[in-house]
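Reader: I have a model open on my screen. How do I read its main features?

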Amino acid sequence: MRAALVGLDFGKNDFAASLDELFLLAKSAGAEPVITITGRRASPDAALFVGTGKAQEVADAVADLQLELVIFNHALSPAQQRNLERLLKVRVLDRTSLILDIFAQRAKSHEGKVQVELAQLQHLSTRLIRGWTHLERQKGGIGLRGPGETQLETDRRLLGERVKALRAVLAKLRRQHATQRRARGRSETFSVSLVGYTNAGKSTIFNAMAKAGVYAANQLFATLDTTSRRVYLGEVGHVVISDTVGFIRELPHQLVEAFRATLEETIHADLLLHVVDAASPVRMEQIEEVNLVLKEIGADHVPQILVWNKIDAAGLEPAVEHDEYGKIQRVFVSAKSGAGLDLLREAIAASLKAALEARGRSRSEPADSVDMHA
């Protein structure tokens with residue numbers, strides 16, 4: 001599907017990086033970006049977001065290049081989206097809808113699909129005009145409509161019922177996760193979660209450490225479902241390492257809310273490995289974005305080790321950095337080549353051992369353990 005990308009510069013430092021990201025998001029969703037249209041504004045236009053002049057420039061590009069889709073690098077209000085579609089005569093997507101679409105394509109597990117559908121319905125409910133009659137057909141249709149109820153009211157009610165059902169499913173899943181965590185707590189098993197910006201290399205690190213076969217690719221949101229593995233780390237015994245969904249700037253609130261069942265592994269972890277793409281020119285902004293989402297889900301209190309990945313692409317050497325109190329702050333690795341992964345294992349073990357000592361726990365080595373270095 002041939003598409004135009006539209007982005008406005010509101011004076012932020014990461015504007016160029018954000019546009020590059022939009023290009024990758026569009027490609028990930030299956031669109032073919034043909035042209036990128038940019039502009040500068042102090043604030044968005046209330047009616048068209050970009051203003052009438054820029055909107056006309058986009059309309060001309062749509063007509064001249066025979067485009068089928070226009071993707072905005074911003075969140076649009078329902079009114080702005082409707083006004084733009086009326087003017088441009090093609091489908092208009094905002095950044096939120098685009099990310100939701102990618103999540104819908106990538107969700108493989110039952111839990112992932114439920115979470116994505118809930119996020120999509122919550123987002124689309126604000127844009128409901130007509131077009132939810134397929135929900136009515138799924139439920140039988142005849143006899144469903146109340147007396148004097150309009151099509152829009154019916155659609156809203158059916159949508160509300162579906163959202164309620166999905167929330168009930170997710171509540172059950174969260175209870176199951178809580179039971180699993182309690183079982184881990186009883187066995188005094190430490191849990192470590194990999195978090196980070198999308199495409200920072202979390203799954204590659206996870207595969208290298210846990211000898212797992214989790215799907216890892218050079219694309220945005222390759223991982224949506226949390227995968228956990230038990231790994232032996234010397235003195236601290238077995239730990240459970242979990243790979244989680246990546247974050248991105250302006251991650252839709254609906255997704256954060258819907259994926260809470262998945263992200264709770266992060267909230268309840270003993271240690272977070274915050275994976276950073278060391279070769280990215282906007283890595284500091286990406287670290288900030290990840291920390292914002294961690295705060296939103298209530299995981300900002302969990303101890304972190306920053307794992308600077310892709311050091312081969314950044315021209316850096318494997319190393320461990322400590323802060324002024326001797327606490328491990330950063331570990332430099334390349335998951336692709338394996339450089340520095342032994343340092344990372346040692347850093348995790350040292351951090352968990354310190355936490356273990358702080359809690360006054362003791363742990364004996366299981367007899368059937370297999371060392372990760374073996």
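Author: Start with strand pairing. Strand 1 (residues 2-9) and strand 2 pair in the parallel sense, over eight bridges. Bear in mind that this is a predicted model.

Reader: Which residue in strand 2 is the bridge partner of Asp-9?

Author: Arg-40.

Reader: In what order do the strands of the open sheet run?

Author: The order is 2-1-3-4, four strands with parallel pairing. Strand 2 and strand 4 (91-93) stand at the edges. Each has a single partner strand, so one side of each is left without a neighbour in the sheet. On average, neighbouring strands are turned by 20 degrees against each other, direction ignored.

Reader: Which strands does helix 2 touch?

Author: Helix 2 packs on the sheet and touches strand 1, strand 2 and strand 3 (69-72). Its direction makes about 160 degrees with that of strand 2. Helix 3 (residues 78-88) lies across strand 3 and strand 4. Helix 3 runs at about 145 degrees to strand 4.

Reader: Which residues of helix 5 are buried?

Author: First, the general idea. An α-helix has 3.6 residues a turn, so residues three or four places apart point the same way. In helix 5, the buried residues include Glu-111, Val-114, Leu-118, Leu-121 and His-123.

Reader: What is Thr-96 in contact with, leaving aside its neighbours within four places in sequence?

Author: Ala-75, His-123, Pro-252 and Gln-254. Thr-96 lies in helix 4 (residues 95-106). Its relative accessible area is 10%, so Thr-96 is buried.

Reader: Where is Phe-49 found?

Author: In the loop between strand 2 (32-40) and helix 2 (52-65). Look at its backbone: Phe-49 has a positive phi of about 70 degrees, although it is not a glycine. Phe-49 counts as buried because its relative accessibility is 5%.

Reader: Is Lys-310 buried or partly exposed?

Author: Partly exposed, at 22% relative accessibility. Lys-310 also has a positive phi, near 65 degrees, and is a residue other than glycine. Its place is the loop between strand 9 (304-309) and helix 12 (311-314).

Reader: What is the mean pLDDT of the protein?

Author: The mean is 82, and 82% of the residues reach 70 or more. Over residues 136-147, pLDDT stays under 50. Over residues 361-374, the pLDDT is below 50, and this stretch has 27 contacts in the model beyond near neighbours in sequence.

Definitions and conventions:
Residues are numbered from 1 along each chain as its sequence is written. This is a predicted model: local features need pLDDT of at least 70, side-chain atom pairs count only at pLDDT 80 or more; totals for chains, interfaces and linings use all residues. Side-chain values use heavy atoms; hydrogens and water are left out. Buried means under 20% relative accessible area, exposed over 50%, partly exposed in between (1.4 Å probe, protein chains only). Helices (H or I, at least four residues) and strands (E, at least two) are DSSP runs, numbered from the N terminus. Contact means heavy atoms within 4.5 Å. pLDDT is the predictor's confidence in each residue, from 0 to 100. Two strands pair if DSSP finds at least two bridges between them. Axes are lines fitted to C-alpha atoms, for helices over the stretch in contact, and angles run from 0 to 180 degrees between N-to-C directions.
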